[in-house]
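Please open the model in a viewer and keep the selection tool at hand.

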Amino acid sequence: MISEIKTILSRVVGMNKWCSLLFILFVGLFFVDGITRYKHLFFYLTIITSLSIAYKERWVIKDICKSSIFKFLVLLLIAGTYSCFISIDSAMSIKYFSNTIIEKTILTPIVYAVVISQLNSKEICRSLMIGLGIMFLVSGGKELYAYYLEYRQGIYPFSNYNHRFIAEALIFSLPAILLLWKTPGSKAKIAFIFVGLIYSFLMLGLLQRGAWLAIFVLSLLWCVFNREWKLPLIITVIIAISSVGFFAAFHDRLAVLAYKLEQTSSSHRFGNGTQGAAWDMVMQHPVKGTGIGDKVYLKAYATNLPQHQEWFFRDPIGPHNFFLSNWFAGGLLGLFSVVSVVLAILVTAWRGYRNAIPSSKYSYLTLFLIIFSDFLVRGWVEETFIFQTAIASAFLMGMFLSLRRLQHNQP
């Protein structure tokens, strides 16, 4: 049955194109909400495809276990299981663990890694960049339409905080947009300017300084690695000239944006604010932990409120810190496991960047910059989630399997 399914797919679109399409859709729709049933459909098709590949090439299962990323995902699985056992609400933790850790963070990248193992390194890298481009087009187009609907109701851009949920898509898709600048030809430069203007509009609409910081660090590191000095100079001049006239003409309507740009306080993140409260709860069980899951954290926050009148937010609110969130969830084991996964991805991506052929270097660099900016920069001041490593994990394990496949196919 499995071999018949693979034969049908091969005849219809070709196995390589089919595997590439599945990975492109996975990346492109990763942060798109409201289409869960369609994403599940693509995922089930991917599972069927991966099973057909594993059935024919059984070495894939054994070789994927040799990947360093896989080993740290197993550690994450152990830590998540432990967090469910010690949780103050096991039902909440098990639900979160099953959906976010097992399915999204571990199973999904493994399945997609097996699928893209059928492609060569150039095809995998091309699929990644196309997927990131689609991510911006779909997420950005959806957000622009939301701005349009608000404008029809008399709500002007940059006047509310309804558009911050596109932050991850903007961070992840930025290297794909910057690739237009590196592409030779005037058409690519014109496309970069057009897309860059839309990107800048959406970025400002986030009104989220943690995301702005991550985007700034990613852009700066990108310029350093690519030895690009003209682009930051041009952007600085454009921002300096346009911002003066822009704010002068629409000062009243840009009050919220001006406040976020000029704000020097921490918005109650430290002290007795979000991260301060998180630290207080972490210190209650610093070694053991309290339980995995965002709802578990909110429940613990509500329970502790009467004993902490100094906490600024009187309604349950998240920790706004990736490291404190996971330390709270699983204690030292939980913190160690998520940090290990992030560092393993960074180290693997960096080694790939240093050792890969020229056509693959940019993709490795892209994932290194994304994970570094999203977790080690934004993760200190905003909430980010470990399942967002799934794209990087799938790519790195897929590249590993692709190289192993070449070795197995050698006479």
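Select Lys 66 and Asp 63 in this predicted model. The two side chains form a salt bridge, and their closest N and O atoms lie 3.8 Å apart. Asp 63, at 0% relative accessibility, counts as buried.

Next, select Lys 299 and Asp 89, whose side chains meet in a salt bridge with an N to O distance of 3.0 Å. This pair links distant parts of the chain, 210 residues apart. Lys 299 belongs to helix H14 (residues 294-304), whereas Asp 89 sits in the loop between helix H5 (68-85) and helix H6 (90-116). Lys 299 counts as partly exposed at 34% relative accessibility; Asp 89, at 15%, counts as buried.

Now move to Asp 374 and Arg 378. Their closest N and O atoms are 3.4 Å apart in a salt bridge, and both residues are buried. As a general point, side chains of opposite charge can pair when their charged atoms come close.

**Aromatic pairs**

How many aromatic pairs does a search of the whole structure find? The search finds 28. To inspect one of them, select Phe 225 and Phe 368: their ring centres are 6.4 Å apart and their planes meet at 80 degrees, so the pair is edge-to-face. Phe 225 lies in helix H10 (residues 209-225) and Phe 368 in helix H16 (residues 358-377), so this contact ties together parts that are 143 residues apart in sequence. Phe 225 is partly exposed, with a relative accessible area of 24%, while Phe 368 is buried, at 15%.

Phe 372 is partly exposed, with a relative accessible area of 26%.

A further selection shows one aromatic cluster, formed by Phe 23, Phe 26, Phe 30, Phe 31, Phe 43, Tyr 112, Phe 172, Phe 385 and Phe 387.

**Charges over rings**

Select Lys 189 with Trp 181. Lys 189 lies over the face of Trp 181, at 5.6 Å from the ring centre. A second example is Lys 361, which lies over the face of Tyr 353 at 5.1 Å from the ring centre.

**The nonpolar core**

Which residues touch the most other members of the largest nonpolar core? Within this core of 111 residues, they are Phe 23, Phe 26, Leu 128, Leu 132, Met 135, Leu 170 and Phe 395. Helix H15 (residues 322-355) supplies the largest share of the core, 15 residues. Phe 23 and Phe 26 also belong to the aromatic cluster visited above.

Finally, centre the view on Phe 395. Leaving aside residues up to four places away in sequence, Phe 395 touches Phe 23, Ile 116, Ile 124, Cys 125, Leu 128, Ser 363, Tyr 364 and Leu 367.

How values were computed. Residues are numbered from 1 along each chain as its sequence is written. This is a predicted model: local features need pLDDT of at least 70, side-chain atom pairs count only at pLDDT 80 or more; totals for chains, interfaces and linings use all residues. Side-chain values use heavy atoms; hydrogens and water are left out. A nonpolar core is a set of buried Ala, Val, Leu, Ile, Met, Phe, Trp, Tyr and Cys residues joined through side-chain atoms within 4.5 Å. Buried means under 20% relative accessible area, exposed over 50%, partly exposed in between (1.4 Å probe, protein chains only). Helices (H or I, at least four residues) and strands (E, at least two) are DSSP runs, numbered from the N terminus. Contact means heavy atoms within 4.5 Å. A salt bridge is a side-chain nitrogen of Lys or Arg within 4 Å of a carboxyl oxygen of Asp or Glu. Rings of Phe, Tyr and Trp (its six-membered ring) pair if their centres lie within 6.5 Å; planes under 30 degrees apart count as stacked, over 60 as edge-to-face and the rest as tilted. A charge sits over a ring if NZ of Lys or CZ of Arg is within 6 Å of the ring centre and within 35 degrees of the ring normal.
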